[in-house]
Amino acid sequence: MDSKLSKPTIALHWITGVLFIGVIILGLYVEGLPRSPEKFELLGIHKSLGVIVLAVALIRIAWRFKEGAIPAAPEQSRALQIFAKSIQHLLLLATLLMPISGIMMSVGGGRALEVFGFEILAAREKVEWLGSLGHTIHGIAANIIIALIVLHVLGALKHQLINKDNALVRMFGR
């Protein structure tokens with residue numbers, strides 16, 4: 001696997017990945033905290049970072065349409081190529097679905113949508129069904145996304161350590 005990836009592709013991959021994993025870890029941590037000012041402050045950070053994940057994900061997806069998909073490793077079986085692409089596409093979808101479902105929870109709960117104190121959408125009346133749907137999606141998707149991230153990382157390590165095709169090195173721009 002020799003084809004070099006563009007710097008924007010590499011940067012957007014790592015920015016999205018690190019932000020997304022950070023938001024998930026923060027969300028899992030906040031979920032276990034008792035109601036307190038600290039919990040609500042951390043929840044505000046979680047929500048703000050989630051909106052940023054959404055913005056970066058939209059840029060990343062637009063860039064991917066412009067540049068095209070990353071080519072699959074040619075020595076892989078067709079089934080493995082389909083599996084790997086499915087994981088990648090589901091992760092891209094997750095970077096949209098999680099922030100959108102979080103926004104649905106906030107807006108549906110009658111709260112303003114803010115990013116680090118800057119109001120994006122003003123608070124409105126509660127929309128119970130919207131908040132409930134967002135909560136359901138957010139809760140179910142979190143565990144699926146964690147599994148997808150683990151599979152993605154394991155796949156990258158397999159490429160680097162077993163296949164020795166430099167896929168991981170390529171994602172670092174070398």
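Predicted model: local features only at pLDDT ≥ 70, side-chain atom pairs only at ≥ 80, totals over all residues.
## Overall fold

The chain has 174 residues. Its secondary structure comes to 5 helices and 2 strands.

How big a box do the C-alpha atoms fill? Along the principal axes, the box is roughly 55 × 30 × 30 Å. Of the residues in the chain, 37% count as buried.

## How the helices pack

Start with α3 and α4. Their axes come within 7 Å and cross at roughly 150°. An angle over 145 degrees counts as roughly antiparallel, so α3 is roughly antiparallel to α4. The crossing of these two helices is left-handed. Which kinds of residue make up the contact of α3 with α4? The contact divides into 20 nonpolar, 9 polar and 2 charged residues.

Now take α1 and α4. Their axes lie 12 Å apart, and the packing angle is about 140°. That angle makes α1 oblique to α4. The crossing of α1 and α4 is left-handed.

## The largest pocket

Rolling a probe the size of a water molecule over the atoms shows where empty space is left. In this model, the largest pocket holds about 1200 Å³ of space. Its lining is made of 38 residues. Which of them lie nearest the centre? They are Leu43, His46, Lys47, Met105 and His138.

At least two residues each come from α1 (7–31), α2 (37–67), α3 (78–108), β1 (113–115) and α4 (128–163). Which element gives the most? It is α2, with 11 residues. By type, the lining of the largest pocket splits into 18 nonpolar, 14 polar and 6 charged residues.

## The cavity

The structure also holds 1 cavity of 30 Å³ or more. The volume of the largest cavity is about 30 Å³. Which residues line the largest cavity? Look for Val107, Arg111, Ala112, Leu113, Leu121, Ala122 and Arg124.

The lining of this cavity has 5 nonpolar residues and 2 charged ones. No polar residues take part in the lining of the largest cavity.

Val107 lines the cavity, and α3 spans 78–108. Leu113 lines the cavity too, and β1 spans 113–115. Leu121 is another lining residue, and β2 spans 118–121.

## Two loop residues

Find Phe116 in the loop between β1 and β2 (118–121). Most residues other than glycine have a negative phi. Phi of Phe116, however, is near 45°, a positive value. Is Phe116 buried, partly exposed or exposed? Its relative accessible area is 45%, so Phe116 is partly exposed.

Next, find Pro34 in the loop between α1 and α2. Exposed means over 50% relative accessible area. Pro34 has 58%, so Pro34 is exposed. How far apart are Pro34 and Lys126 in sequence and in space? They are 92 residues apart in sequence. In space, their C-alpha atoms are 24 Å apart.

Technical notes. Residues numbered from 1 in each chain as written. Heavy atoms only, no water. 1 Å grid on protein atoms, 1.4 Å probe; cavity = no way out; pocket = protein on both sides within 12 Å on 5 of 7 lines; lining within 4 Å. Points joined across faces, edges and corners; volume = space filled by probe spheres on them. Helix = DSSP H or I, 4+ residues; strand = E, 2+ residues; numbered from the N terminus. Nonpolar A, V, L, I, M, F, W, Y, C, P; charged D, E, K, R; others polar. Buried < 20%, exposed > 50% of the residue type's maximum accessible area, 1.4 Å probe, protein only. Axes fitted to C-alpha atoms, helices over the stretch in contact; angles between N-to-C directions. Parallel < 35°, antiparallel > 145°, perpendicular 65-115°, else oblique. Left-handed = near helix turned anticlockwise from the far one by under 90°.
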